[in-house]
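I opened the notebook to look up how one chain folds. I wanted strands, then the ligand, then helices.

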Amino acid sequence: MITLNNIGKAYNGKIVVDIAACNIAEGELVGLVGNNGAGKTTLFRLLLDLVRADRGEVLSKGVNVAGNENWKQFTAAYLDEGFLITYLTPEEYFYFIGKLHNRTKADVDETLKSLETFFDGAILQNGKYIRDLSKGNQFKVGIASCLIQNPQLLILDEPFANLDPSSQMRLIKMLRELNEQKRITILISSHDLNHITDICKRILLMEKGKIINDLPVSADTLTELENYFKV
Ligand SMILES: Nc1ncnc2c1ncn2[C@@H]1O[C@H](COP(=O)(O)OP(=O)(O)OP(=O)(O)O)[C@@H](O)[C@H]1O
């Protein structure tokens with residue numbers, strides 16, 4: 001589904017992404033790990049054509065994402081609150097996103113209903129604008145807007161970072177179901193080694209912009225990663 005060909009990106013003369021080759025097949029659930037500044041978010045931004053590579057190409061279903069709109073029909077992502085329209089209420093935002101992606105009001109309502117427990121009473125019908133929600137609840141709005149789009153590819157940057165423990169558990173369950181039952185290809189980054197090895201079937205370890213290890217997840221992966229990150 002995703003192919004990285006000799007992709008390179010530098011900021012101010014410093015290379016922050018430098019990947020010779022990487023393939024992510026349809027239906028995979030892949031985790032990206034690496035210390036602060038390793039290049040995870042920049043890689044996601046390259047996948048979403050939010051920044052342009054200095055060299056190489058990102059192919060999504062075989063088509064270069066740079067200067068092409070096709071991938072937008074099947075890709076949903078939430079990297080940060082810059083993806084939201086914060087002067088809207090969550091409901092206004094959800095129906096706007098639904099409309100943009102040709103979803104009916106009933107489709108949107110059905111998705112929102114399925115997220116009732118995840119929302120935990122804090123998102124809908126409380127009269128708040130998105131800008132006034134907590135970071136964790138803004139993230140929940142971001143995830144919901146992704147699911148409303150009914151994507152084939154879902155990209156989430158540090159999805160566990162601001163969620164309370166119950167919400168983290170619910171999200172793990174949701175992502176697993178989306179991947180196993182709906183066959184959605186999922187890419188997530190995380191600093192939570194327990195969660196990421198629990199949920200992902202493959203882990204890409206990034207260091208200084210490079211993928212230095214591509215690990216199929218096994219019973220040993222958590223220890224292997226803990227050893228890498230040990231101080
Ligand atoms: N717009 C930008 N201008 C200049 N440098 C940038 C920009 N965006 C990212 N960088 C730099 O690129 C490097 C990689 O950053 P990136 O955010 O991709 O890392 P990350 O692995 O997501 O880190 P974290 O775990 O802290 O989120 C860092 O050194 C960062 O300072």
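**Entry 1: the antiparallel sheet**

I began with a pair of residues: Leu59 has Asn64 in β5 as its bridge partner. I noted the ground rules next. This is a predicted model, where local features need pLDDT of at least 70 and side-chain atom pairs count only at pLDDT 80 or more, while totals for chains, interfaces and linings use all residues. Residues are numbered from 1 along each chain as its sequence is written.

I also checked the words. Helices (H or I, at least four residues) and strands (E, at least two) are DSSP runs, numbered from the N terminus. Two strands pair if DSSP finds at least two bridges between them.

β4 and β5 run antiparallel and are joined by 2 bridges. They form a hairpin with 2 residues between them. In the turn, Lys61 has a positive phi of about 50 degrees.

Which strand order does this open sheet have? I read off β2-β1-β4-β5, 4 strands with antiparallel pairing. The edge strands are β2 (14-24) and β5 (63-64), and each pairs on one side only.

I then followed β1 (residues 2-11). It is joined to β2 by 9 bridges, and the two run antiparallel. β1 is also joined to β4 (residues 55-60), by 5 bridges, again antiparallel. I looked up Thr3 on both sides. Its bridge partner in β2 is Asn23, and its bridge partner in β4 is Leu59. Strands of a sheet pair through backbone hydrogen bonds, either parallel or antiparallel.

**Entry 2: the mixed sheet**

I found an open sheet of 6 strands, in the order β6-β7-β8-β3-β9-β10, with mixed pairing. Its edge strands are β6 (75-78) and β10 (210-216), each pairing on one side only. The twist averages 15 degrees from one strand to the next.

I picked one pair to read closely. β7 (residues 153-157) and β8 (residues 185-189) pair in the parallel sense over 5 bridges. There, Leu154 has Ile186 in β8 as its bridge partner. α5 packs on the sheet and touches β6 and β7. The direction of α5 makes about 180 degrees with that of β6.

**Entry 3: around the ligand**

Which residues are around the ligand? I listed Tyr11, Val16, Gly34, Asn36, Gly37, Ala38, Gly39, Lys40, Thr41 and Thr42. A residue is near a molecule or strand if its C-beta atom, placed from the backbone, lies within 6 Å of it. Helix α1 (residues 40-47) gives the largest share of this shell, 3 residues.

I sorted the shell by class: 3 nonpolar, 6 polar and 1 charged. (Ala, Val, Leu, Ile, Met, Phe, Trp, Tyr, Cys and Pro count as nonpolar, Asp, Glu, Lys and Arg as charged, and the others, Gly among them, as polar.)

I needed the angle rules here. Axes are lines fitted to C-alpha atoms, for helices over the stretch in contact, and angles run from 0 to 180 degrees between N-to-C directions. Angles under 35 degrees count as roughly parallel, over 145 as roughly antiparallel, 65 to 115 as roughly perpendicular and the rest as oblique. Two residues are in contact if their C-beta atoms, placed from the backbone, lie within 7 Å.

I took α2 (residues 90-100) and α5 (residues 135-148) to begin. Their axes come within 9 Å and cross at roughly 25 degrees. So α2 is roughly parallel to α5. Pro90, Tyr93, Phe94, Ile97 and Gly98 of α2 make the contact with Val141, Ala144, Ser145 and Ile148 of α5. I counted these residues as 7 nonpolar, 2 polar and no charged.

How do α2 and α3 (residues 105-114) cross? Their axes come within 9 Å and cross at roughly 125 degrees. That angle makes α2 oblique to α3. Phe94, Tyr95 and Gly98 in α2 meet Lys105, Asp107, Val108 and Leu112 in α3. This contact divides into 4 nonpolar, 1 polar and 2 charged residues.

Then I looked at α3 with α5. They pack at an angle of about 135 degrees, with axes 10 Å apart. They are therefore oblique to each other. The contact is made by Val108, Thr111 and Leu112 of α3 and Ala144, Leu147 and Ile148 of α5. By class I noted 5 nonpolar, 1 polar and no charged residues.
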